[in-house]
Amino acid sequence: MTSPLVTQEELDRRTIRRSDFVSCNQAFIDCRTPGSDQKENYAMVGPGVTQSSSQVVNLREPHGYNIGAAAMPHGITNNLHLHFTAEVFLCFRGEYLLRWGAEGEEGELTLREGDIASVPTWIFRGFTNTGPDDGWLFTCLGHDETGGIIWGPTVLREAEGHGLYLTSDNQLVDTVAGEQLPDSEELVRPMDPADIASLVDYSADDMRRYVATRDDLEWCDRAFLCGVVPGGRAELALVIGFGMTENRRQEPRIYHPHGHNIAWLRADPGEGLLTHRHSETQVLMVKEGEWEVRLNHHDEVTVRLGPWDMLSVPAGAWRSMRNVSDSPATMAVVNGGDGRVRLEWADEVVKAAADAGLARDHNGYLAPAHLVPASAPR
């Protein structure tokens, strides 16, 4: 694997501070619908899924997924819509009521701080802020090209009453602002009732299997080779996909392919992950505490990340991360791909782990060092 040498300038470019987030209040067709007109939409990583040319995207570089966010006052709703690729909600603050079905009638679940929900593709979904005004819901959409959105029939009809239309190439037309309405065949029309009737129904129990609450998390303190080395004792809780775990018994709550995997990482003060690299894209999203991230094996460059800051780590780059807070710190880790993310550890980490009696077998999982042949991977 070739490792890029990341410069400080490149590290700064890939660091997205909470203060860098830029909202767009006209990102989607329901932006004037009463009860939905106070939404703030954000796009941080990836090509983006907005329907507005004015949406700011912090880092447009393709990652194999798109990361954004929705923020809205109490009682405001994001209307019913359908996605072709996986849509994951990460509730970082507040409380949201998730509902689904063409009219929102099939079921509902409440998402609270720390919950992650993966909504199945090809079903209508929407959500309402039922918590405080500063609720914050990050989103992760599968793949670079998501195909856009199919809106619920009622949403499209209400939008027309406010002068907004959607073209077949996923662009908003604002007749109130004087934009010319294209020919009718170029406009998106409400989904046919027969097509809606063919969609799969999900009960509340069905949907619950796609949610990982804080109580559902199974934390593992031996998920990584560096877990027996001081400074490398981070814990991992899998949510979507097997991701980076090196513990053969650790399993994710959500299995189905997304084009990415998501896990929670937490560490006590002074602990984290020691120097390693892998070939997938990676975005670190800090939930709590302060983390120091170092890139490159030599000629290191460093950044400190606080709550809600993000870092896009280049594929193949050497990296390490450490909790520099006075209390436990947590981050969400998003990696590209549907398969396992196979880590390569720096030589000094491999040696320190072996001295402590731990190695990895030929399947990439942790095992007693004295039982593993010398030809096993680093």
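Buried residues are those under 20% relative accessible area, exposed ones lie over 50%, and partly exposed ones fall in between, computed with a 1.4 Å probe on protein chains only. This is a predicted model, in which local features need pLDDT of at least 70 and side-chain atom pairs count only at pLDDT 80 or more, whereas totals for chains, interfaces and linings use all residues. Residues are numbered from 1 along each chain as its sequence is written, and side-chain values use heavy atoms, with hydrogens and water left out. Helices (H or I, at least four residues) and strands (E, at least two) are DSSP runs numbered from the N terminus.

**Helix 2**

- Pro-153, Val-155, Leu-156 and Ala-159 are buried in helix 2 (residues 153–160).
- These residues lie on the same side of helix 2, because they cover an arc of only 165° around the axis; the arc is that of the directions from the helix axis to the C-beta atoms.
- Contact means heavy atoms within 4.5 Å. The buried residues of helix 2 pack against strand 5 (77–83), strand 12 (149–151), strand 13 (164–166) and helix 3 (193–197).

**Open sheet**

- Two strands pair if DSSP finds at least two bridges between them.
- An open sheet of 7 strands runs in the order 3-2-4-11-6-9-15, and its pairing is mixed.
- Strand 3 (57–59) and strand 15 (211–212) stand at the edges; each has a single partner strand, so one side of each is left without a neighbour in the sheet.
- Strand 2 and strand 3 pair in the parallel sense over 2 bridges. Val-57, in strand 3, is the bridge partner of Ala-43.

**Salt bridges**

- Side chains of opposite charge can pair when their charged atoms come close. A salt bridge is a side-chain nitrogen of Lys or Arg within 4 Å of a carboxyl oxygen of Asp or Glu.
- The structure holds 24 salt bridges.
- Asp-309 and Arg-17 meet through their side chains in one of these, at 3.0 Å from N to O. This pair links distant parts of the chain, 292 residues apart: Asp-309 is in the loop between strand 21 (301–305) and strand 22 (310–313), and Arg-17 is in the loop between strand 1 (15–16) and strand 2 (40–45). Asp-309 is buried, at 8% relative accessible area, whereas Arg-17 is partly exposed, at 28%.
- Lys-287 and Glu-113 form a salt bridge in which the closest N and O atoms are 2.7 Å apart. This pair also links distant parts of the chain, with Lys-287 in strand 19 (residues 282–288) and Glu-113 in the loop between strand 8 (107–112) and strand 9 (116–119), 174 residues apart. Lys-287 is buried, at 6% relative accessibility, and Glu-113 is partly exposed, at 35%.
- Arg-248 and Asp-361 form a salt bridge, their closest N and O atoms being 3.8 Å apart. Arg-248 lies in the loop between strand 16 (235–240) and strand 17 (260–267), and Asp-361 in the loop between strand 26 (358–360) and strand 27 (366–368), 113 residues apart.
- A network of salt bridges links Glu-10, Arg-13, Arg-14 and Glu-61.

**Cysteines**

- A search of the whole structure finds 0 disulfides, a disulfide being a pair of cysteine sulfur atoms within 2.5 Å.
- Cys-140 is in no disulfide, and the nearest cysteine sulfur, that of Cys-91, is 15 Å away. Cys-140 is buried, with a relative accessible area of 1%.
- The closest cysteine sulfur to that of Cys-226 belongs to Cys-220 and is 12 Å away, too far for a bond. Cys-226 is buried, with a relative accessible area of 0%.
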